[in-house]
Amino acid sequence: MRKCILTLCILIGLLTGCNPIHQQTIDSEEVMTSFPDIIEPHNPEQAEQSGDVVVLMKGMRNGDKWRTFMKHVSKEQPSQVRVTKYTIEGGPVIHELVYDGKVI
């Protein structure tokens, strides 16, 4: 379980750190659906109910959504996932990843 969380954190760090300076845009036709609205306060239970992959100090929730996203990426199929990590203080850090079949 710790390896999954560590892998997820490293992947998100690489994805956010390796983006080019210019903002890449994706045609609206390629995006499947928009992400659900974020309801404040965005606690882990609400994030899980919204379908987010939730990363906590104790583990991950909705890990099946992450595995599905990764499977689609490996097959170059468009997909999207929202990952919500929580700091030690309990604040949410939200990453909305959209894969268009070529670029995340």
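Modeller: Happy to! Let's start with the chain as a whole, which runs in the order α-α-β-β-α-β-β, giving three helices and four strands. Please keep in mind that this is a predicted model.

Now to the histidine. His 42 lies in the loop that connects H1 with helix H2 (44–49). Is His 42 buried or exposed there? Its relative accessible area is 4%, and because the cut-off for buried is under 20%, His 42 counts as buried. Across the chain, 29% of the 104 residues are buried.

What covers this side of the picture is a set of residues from further along the sequence. Once neighbours within four places are set aside, His 42 touches Ala 47, Asp 52, Thr 84, Tyr 86, Pro 92 and Ile 94.

The average pLDDT of the chain is 81, with 69% of the residues scoring at least 70. Helix H1 (residues 2–17) has the lowest mean pLDDT among the elements, at 61, while helix H3 (residues 63–74) has the highest, at 97. Over residues 19–31 the pLDDT stays under 50, and the model shows nine contacts beyond four places in sequence for that stretch.

Note on methods
Residues are numbered from 1 along each chain as its sequence is written. This is a predicted model: local features need pLDDT of at least 70, side-chain atom pairs count only at pLDDT 80 or more; totals for chains, interfaces and linings use all residues. Side-chain values use heavy atoms; hydrogens and water are left out. Helices (H or I, at least four residues) and strands (E, at least two) are DSSP runs, numbered from the N terminus. Buried means under 20% relative accessible area, exposed over 50%, partly exposed in between (1.4 Å probe, protein chains only). pLDDT is the predictor's confidence in each residue, from 0 to 100. Contact means heavy atoms within 4.5 Å.
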